[in-house]
Amino acid sequence: MANKNTISSLITMTTKHLGPGSVCPPLDEGVLRCYSMKYCPYAQRTHLVLAVKKIKHEVVYINLKTKPEWYFDKNPLGKVPALEQNGKVIFESLVTCDYLDEVYPEPSLYPADPWKKAQDQNFIELWSKITTALYKLWFSKGDEQIISRACDDLKAGLDVFEKELSRRNTTFFSGEKPGMLDYMIWPWAERLPVAQQMIGDICAMTPDRCPKMLAWMDIMKEDSAVQATYFSPDTHVKYLMSFIKGTPDYDMET
């Protein structure tokens, strides 16, 4: 399904995730660099925007468990994603994505109407209820009480988006092509099957309960930017299991 060759000519990247003792690769003037981690959903947001806008850039992967000392000079929080160009650095996924949308305006990913743009930003924030529920499920360690509460929260969160997609009566949340709202929530939609594989049937997204969201997920997988950043549920499970064990395998074979 994933066609990562579609934008490969626009990207250069480090082959391994850099950790302590490493040296920050030199950055040529004018080159845009994205600091990332291969399996980070927040970094995937930025990669999606870079892909859909076909922005030439390079990627430096960061080991988030044992971070390189020099990276804190770039981002005091030590998190990804971050963007660097001409000695200037910005970080946080939404900040980097909004910046890219302003500096590289084609295609525009937000509605032109300020009210509709603000509504989409509200829904990006509302999606955090779903991400919180997913993380609780992934790290529940079999605790049935945690799983039950997280499943309820996940269903309630998905119901909000199912209702909104029905209200908009469009293929994507942004209309007839994906926009910022679609791309900002996609990384966790891509990982929804992971909870299913790790825990079992959680009945959060059934055809009866979420027909619009399921159709949205299917058609999002056909988008070239999604295909360029996509990993299968099996790959996500493999990475998450290594993370839960305390030895995240950032450079595993995929």
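Is E164 buried or exposed? The model is a predicted one, and in it E164 has a relative accessible area of 8%. The cut-off for buried is under 20%, so E164 counts as buried. Salt bridges that share partners join E164 with D120, R167 and R168 into one network.

Side chains of opposite charge can pair when their charged atoms come close. In this model the count of salt bridges comes to 8. One of them is formed by R33 and E58, with 2.6 Å between the closest N and O atoms. R33 sits in strand β2 (residues 33–36) and E58 in strand β3 (residues 57–61), so this pair ties together parts that are 25 residues apart in sequence. Both R33 and E58 are buried.

Another salt bridge brings together the side chains of K53 and D101, at 2.8 Å from N to O. This pair also links distant parts of the chain, 48 residues apart: K53 is in the loop between α1 (41–52) and β3, while D101 is in helix α3. K53 and D101 are both buried.

Helix α3 spans residues 93–103, and S93 lies in it. What is the relative accessible area of S93? The value is 5%, so S93 is buried. The side chain of S93 makes a polar contact of 3.0 Å with the side chain of R45. Leaving aside neighbours within four places in sequence, S93 is in contact with Y42, R45, T46 and P81.

The next feature is a strand pair. Strand β4 (residues 82–85) and strand β5 (residues 88–91) run antiparallel and are joined by 4 bridges. A82 stands opposite F91 of β5. The two strands, β4 and β5, form a hairpin with 2 residues between them. In the turn, N86 has a positive phi of about 55°.

Rolling a probe the size of a water molecule over the atoms shows where empty space is left. The largest pocket holds about 550 Å³ of space. Its lining is made up of 27 residues, and those that lie nearest the centre are C40, P41, Y42, L64 and Y135. The elements that give two or more residues to this lining are α1, α3, α5 (128–138) and α10 (233–244). The largest share, 4 residues, comes from α10. Y42, listed among the residues nearest the pocket centre, is also one of the contacts of S93.

The last stop is T170, which is found in the loop between α6 and α7 (180–199). T170 has a relative accessibility of 24% and so counts as partly exposed. Its side chain reaches the backbone oxygen of F172 at 2.5 Å. Not counting residues up to four places away in sequence, T170 touches L165, G175 and E176. The C-alpha atoms of T170 and W216 are separated by 9.6 Å, and these two residues are 46 residues apart along the chain.

Definitions and conventions. Residues numbered from 1 in each chain as written. Predicted model: local features only at pLDDT ≥ 70, side-chain atom pairs only at ≥ 80, totals over all residues. Heavy atoms only, no water. Buried < 20%, exposed > 50% of the residue type's maximum accessible area, 1.4 Å probe, protein only. Polar contact = N/O pair within 3.5 Å; in protein donor to acceptor, adjacent residues only side chain to side chain. Contact = heavy atoms within 4.5 Å. Salt bridge = Lys/Arg side-chain N within 4 Å of Asp/Glu carboxyl O. Pairing = 2+ DSSP bridges. 1 Å grid on protein atoms, 1.4 Å probe; cavity = no way out; pocket = protein on both sides within 12 Å on 5 of 7 lines; lining within 4 Å. Points joined across faces, edges and corners; volume = space filled by probe spheres on them.
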